[in-house]
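Hello,

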Amino acid sequence: MKNIKMQIQKGLDKGKKTFQFDNEHDQTKPAEWWFQNIPEGLVLFVVFYTQACRWGRCLGCNLSSKSTANHVDYKAIVSQIDYLFDLEIIQKKRSQIRKVIVSNNGSVLDQETFSSTALMYLMVKLNLTFPRLSTLCIETRPEYVEIEELEFLRRSLNEGDTPTKLELAIGFEAFDSRIRNKVFMKGLSLNTFENFVEKVARYKYDIKCYFMQKPVPGMTDKEAISDVKSGIDYFSRLAEYHDININMHLNPTFVAKGTALAEAFYRGEYKPPSLLDVIISALYSENKKLSLFIGLADEGLAVDNGSHINDTNIEMIETIEQFNRTQSYAILREVLWANLVPVELYS
Ligand code: SF4
């Protein structure tokens, strides 16, 4: 346990993080949870409160500020699961829920921070509670994904009332290896990622890759668009080759409090990407073997003015939400026309 704490602290030191952990949160309640709508129905997104991500150093990430430095044992996580499933609203909507996304602001498949017993218990509760569950999405770093776990999850999901697919959601963040690993400090090689894809492809499960537009200072807006396009090409090739579904979850980078990105922002060395630029990038995924979702949440973690997702962009945000629901590229194109963006930038 002490070793894990040391690993967490080492990561935060390397990433020059200045935020504090949330050590005071009630260990018997999840960190947070909310509903989302997708064309298929209702999504339940739950973030369990556990020990922080062991990697911890990624440049713009302050997710650990919603976790604790201390070990959270399986009994506490089981209590969080019970708390969630006993909520009246969950019971009321149980037959509407088609997808559950499970996060702990780190890696759910890292057994050091998310207990295996608690994961097994969660699977039992999911099967018992949601009769129409079609997708279970688990957030994790790819190196924690083991064939044995996929096999166990497959068997458990097969026992549910309805066919349920697994989706593994990982943070990829940037295509350029130097930016991803040297500047952003993601610690993710293409080799590790491709090994992960191979494991998941054996089961024909889905993959979601979180990707950031303009994740670091020193990138021009044009370079940021070009990096997303390279990511789209790369994921499409892999999806084609393995015949699996890959979803790019494209997040316009926001400036997270207590990070090195925030320092750069205050020094005037970083500006978040505009939503128009994000739309230009997203349009590139049209007719590719890939689905794309544009992330619109900063979960209250951004510094003031550190995000383009704000009240001044309401119309564009509504359009993006509509795109997320429908995957209609025509509506994205209309926004670019209306804003007089030269066609050569996105055709
Ligand atoms: S982005 Fe993910 S892997 Fe990186 S520090 Fe944050 S939670 Fe950990």
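**Ligand shell**

By class, five nonpolar, four polar and one charged residues make up the shell around the ligand (Ala, Val, Leu, Ile, Met, Phe, Trp, Tyr, Cys and Pro count as nonpolar, Asp, Glu, Lys and Arg as charged, the others, Gly among them, as polar). The residues are C53, W55, G56, C58, C61, L63, N105, G106, R141 and G171, taken as near if the C-beta atom, placed from the backbone, lies within 6 Å of the molecule.

The model is predicted: local features need pLDDT of at least 70, side-chain atom pairs count only at pLDDT 80 or more, and totals for chains, interfaces and linings use all residues. Numbering starts from 1 along each chain as its sequence is written.

**Sheet**

The chain has twelve helices and eight strands (DSSP runs numbered from the N terminus: helices H or I, at least four residues; strands E, at least two). The eight strands form an open, mixed sheet in the order β1-β2-β3-β4-β5-β6-β7-β8, where strands pair if DSSP finds at least two bridges between them. β1 (32–38) and β8 (291–294) are at the edges with a single partner strand each, so one side of each has no neighbour in the sheet. β7 (residues 246–252) pairs with β8 in the parallel sense over four bridges; H249 has F293 in β8 as its bridge partner.

**Dimensions**

The C-alpha trace of the chain spans about 55 × 45 × 40 Å along its principal axes. Buried residues are 41% of the 347 residues in the chain (buried: 20 or more other C-beta atoms within 10 Å of the residue's own, with C-beta atoms placed from the backbone).

Regards

Key:
Buried ≥ 20, exposed ≤ 12 C-beta atoms within 10 Å, placed from the backbone.
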